[in-house]
Amino acid sequence: MTAHDLRDAMQRHLTHALGKDLDHATLHDIRMALTLAVRDQVIAPWFDSTRRTYAAQSKRVYYLSLEFLIGRLLEDAINNLGLAEAARAAVADIGHDLAEVIADEPDAALGNGGLGRLAACFLDSMSTIGCPGMGYGIRYEHGLFRQHFHDGQQIEEAEDWLRQPHGWEFERPEVALRIGFGGHVEMQGETAIWHPDTAVIAKAHDTPIIGWQGRWANTLRLWGAEPVRIFDLMAFNRGDFAGAAAPEAFARTISRVLYPDDTTEDGKELRLKQEYFFTAASLRDILRRFLSEHDDLTLLPAKVAIQLNDTHPAIAGPELVRLLHDEHGLPFDTAMELARGTLAFTNHTLLPEALERWPQALMERVLPRHVQIIERIERDFLAAHPDSAVRILSGGDVCMGELSFIMAHKVNGVSALHTDLVKSTVFAELHRTFPDRIVNQTNGVTPRRWVLGANPRLAALITDTIGTGWIDDLEALHGLEAHLDDAAFMERYSRAKADNKAELAGWLADAAGVRVDPAAMFDVQIKRIHEYKRQHLNILETIALWLEMRDAPQAGWIPRVKIFGGKAAPGYVRAKEIIRLINDAARVINADPVTGDLLKVVYPANYNVTMAERLIPAADLSEQISTAGKEASGTGNMKFALNGALTIGTLDGANVEIRERVGAENFFLFGMTADEVVARRRDPEHQARAIAASPRLKRALDEIGAGTFSDGDRERYAALLADLGGHDYFTVCADFDSYRDCQRAVDHAFADPRHWARMAALNTARSGWFSSDRTIRGYMADVWGLAPVV
């Protein structure tokens with residue numbers, strides 16, 4: 001498609017779809033016109049992929065995820081269709097800049113962190129490889145939340161990304177499925193009939209996901225909740241205006257917000273209803289599609305692979321059994337066998353509290369038939385394994401992790417270390433019972449988004465050096481190693497990083513009001529705020545460093561810019577305290593005339609995919625400092641390494657594999673191993689001993705306790721300090737000195753720009769294995785059992 005063709009298509013859409021002429025078009029109008037023109041080019045390969053899948057009667061993959069953190073789609077589609085130059089010229093021809101047009105697109109508020117971004121990378125890779133598949137999730141009106149800070153504290157406001165039309169989706173009013181809740185179960189002989197007492201309609205909205213070079217496209221289908229009865233006119237005419245709108249309010253609540261606060265009983269019930277809503281709608285849609293091609297339900301595992309992304313869709317096991325047994329009349333044992341042969345489960349956590357448990361009484365009230373089926377699943381499991389101590393129903397709860405494992409034919413971890421720990425900790429007994437069920441599929445990231453789109457300067461250098469093959473064969477990056485002794489190559493590599501940093505410095509000044517020196521080390525930690533990710537370890541070391549700098553400002557310090565990003569769950573009090581501490585410390589440190597530009601702390605609000613695309617290409621140092629044995633994998637660590645940031649990290653998650661591949665000499669390792677953490681916790685005084693042995697740590701804690709960062713308020717961080725000094729489950733204090741010493745080794749390395757640049761370039765050259773294309777091929781071979789159609 002030429003620039004002229006694209007411009008004509010934009011003008012046609014501007015007139016006929018948007019009702020505007022060029023003279024009166026806003027930036028939003030131009031962006032929507034370009035979106036629709038580019039979307040037109042997606043339709044043909046999208047339809048063709050669907051036809052080819054039907055023609056081949058291929059097995060399909062269905063990826064069920066409560067999150068899909070897809071970010072902006074326009075630039076991705078332009079790049080994958082090879083339209084970058086045409087789009088730039090077409091937009092310029094009508095008086096606009098392509099970068100400004102792309103920036104006008106809001107991030108789709110469909111996710112929170114790594115879980116959702118992984119799902120988005122997987123959709124891109126499935127389309128690039130030619131794996132027939134479909135993503136299923138919820139079309140959240142308001143996403144997680146929009147974050148801003150007041151007095152350093154996180155404030156949550158509703159996202160409004162759907163206030164304007166979403167140019168990528170196609171509404172499917174013909175795909176409207178009734179989803180019930182509550183009610184009672186009637187037994188007619190051996191047949192159970194569930195009679196829900198409330199229901200909503202799940203309506204489908206489809207977004208095409210185009211792969212590299214437009215060879216294949218899959219679909220992301222998101223469900224929006226609508227009322228069965230749209231409006232009660234009789235109630236309205238009686239003056240009961242709120243009651244008249246109640247059915248719509250109830251339905252829309254289900255698809256309004258991602259992860260509603262579940263610290264209340266109402267919040268728990270809403271979370272459970274959300275998970276059942278999207279899972280049940282997806283399974284019915286899958287069975288409808290299957291039955292349009294096949295009339296033998298026993299073929300289901302041969303034609304359908306359903307991947308459960310964590311425990312959120314765990315109700316899929318009982319629901320699929322219910323559909324096959326109650327509604328399609330298959331014997332219960334047959335329904336169980338088919339469900340297990342179809343379902344696979346990805347575990348993403350080693351935190352017991354993150355393996356969902358629902359109060360059994362709540363589930364009996366919301367999903368009474370499913371509790372009966374779960375009881376039968378457990379009985380059958382214990383009959384087959386009478387010595388097992390595993391229970392799905394335990395202590396008045398329904399344990400969704402155990403349910404997911406028992407109902408899946410494959411269970412995978414997401415890094416080598418994580419998979420080993422899944423086998424030896426959270427699912428140890430189930431692993432002994434089913435020794436072949438757990439497999440590893442180390443996570444990956446898409447290079448189309450995270451290098452080609454996010455870092456065009458580096459992408460251009462790579463392409464000029466080794467050609468374009470790396471874009472869909474990332475391990476071709478190994479070819480860069482032959483050029484690391486080429487001064488011209490290294491100059492361009494360093495220049496790309498410097499230009500990215502200068503660009504980010506300008507954005508930080510505008511967005512966060514903090515001016516930073518682009519020549520300083522950009523030290524970045526961006527991820528969901530959680531104690532195990534240890535943002536408080538980072539800010540404690542930052543405070544200790546600031547105190548040392550104040551003591552000796554002329555001691556030859558390496559200037560640093562500490563950049564944080566991430567959101568805390570609304571009900572997670574400790575994480576929100578950590579956010580406030582970071583912001584309080586930033587306010588004091590940034591205003592200190594003694595340290596000046598030696599140290600700055602910046603926390604731009606409302607971290608999302610677009611912000612990550614700004615920060616990652618400009619980072620010098622990647623903070624991957626979780627407590628060993630707690631991070632399942634991480635994907636941010638891969639994105640940073642790929643873009644030439646060196647990692648400071650523990651032996652946790654995929655850090656282990658990154659270090660193995662980039663070389664231990666190009667990775668800054670600190671802290672205890674997972675086994676050492678477990679051993680250290682056995683000492684009830686471990687935190688007190690660590691503080692007593694570390695004058696720098698004690699001083700930092702004392703300054704926080706004295707109110708140095710809280711305007712003299714000694715109580716503001718009393719609870720946080722009490723936890724660190726009295727419990728410290730995540731071993732912040734025990735790892736502090738090792739972390740601090742490692743940071744000084746980072747300073748030493750950064751002081752030699754040529755040596756640092758070579759280490760960074762080796763990270764880029766050796767990170768090709770961490771492509772989500774490789775991960776998807778692994779799932780296809782080891783879990784789903786299918787080959788690409790193209």
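Analyst: Helices and strands here are DSSP runs, numbered from the N terminus, a helix having at least four residues and a strand at least two. The model is a predicted one, and a search of the whole structure finds seven cavities of 30 Å³ or more. The largest cavity holds about 180 Å³ of space, and its lining is made up of 16 residues, among which Leu73, Asp76, Asp124, Ile209 and Ile210 are the closest to its centre. Two or more lining residues come from each of helix H3 (74–80), helix H6 (114–129) and strand E8 (198–210), and H6 supplies the largest share, four residues. By residue type, the lining of the largest cavity divides into 10 nonpolar, two polar and four charged residues.

The second largest cavity has a volume of about 100 Å³. Its lining consists of 15 residues, and those nearest its centre are Arg31, Glu105, Pro106, Trp161 and His166; eight residues of this lining are nonpolar, five are polar and two are charged.

Turning to the cysteines, the structure holds zero disulfides. Cys121 counts as buried because its relative accessibility is 1%, where buried means under 20%, and its sulfur is too far for a bond from the closest cysteine sulfur, which belongs to Cys131 and is 15 Å away. Cys733 is likewise in no disulfide, with the nearest cysteine sulfur, that of Cys742, at 18 Å, and Cys733 also counts as buried, at 3% relative accessibility.

Terms used: Residues are numbered from 1 along each chain as its sequence is written. This is a predicted model: local features need pLDDT of at least 70, side-chain atom pairs count only at pLDDT 80 or more; totals for chains, interfaces and linings use all residues. Side-chain values use heavy atoms; hydrogens and water are left out. A disulfide is a pair of cysteine sulfur atoms within 2.5 Å. Buried means under 20% relative accessible area, exposed over 50%, partly exposed in between (1.4 Å probe, protein chains only). On a 1 Å grid over the protein atoms alone, a cavity is a set of points where a 1.4 Å probe fits but cannot get out, and a pocket is an open set with protein on both sides within 12 Å along at least five of seven lines; lining residues have an atom within 4 Å of a point. Grid points are joined across faces, edges and corners, and a volume is the space filled by probe spheres set on the points. Ala, Val, Leu, Ile, Met, Phe, Trp, Tyr, Cys and Pro count as nonpolar, Asp, Glu, Lys and Arg as charged, and the others, Gly among them, as polar.
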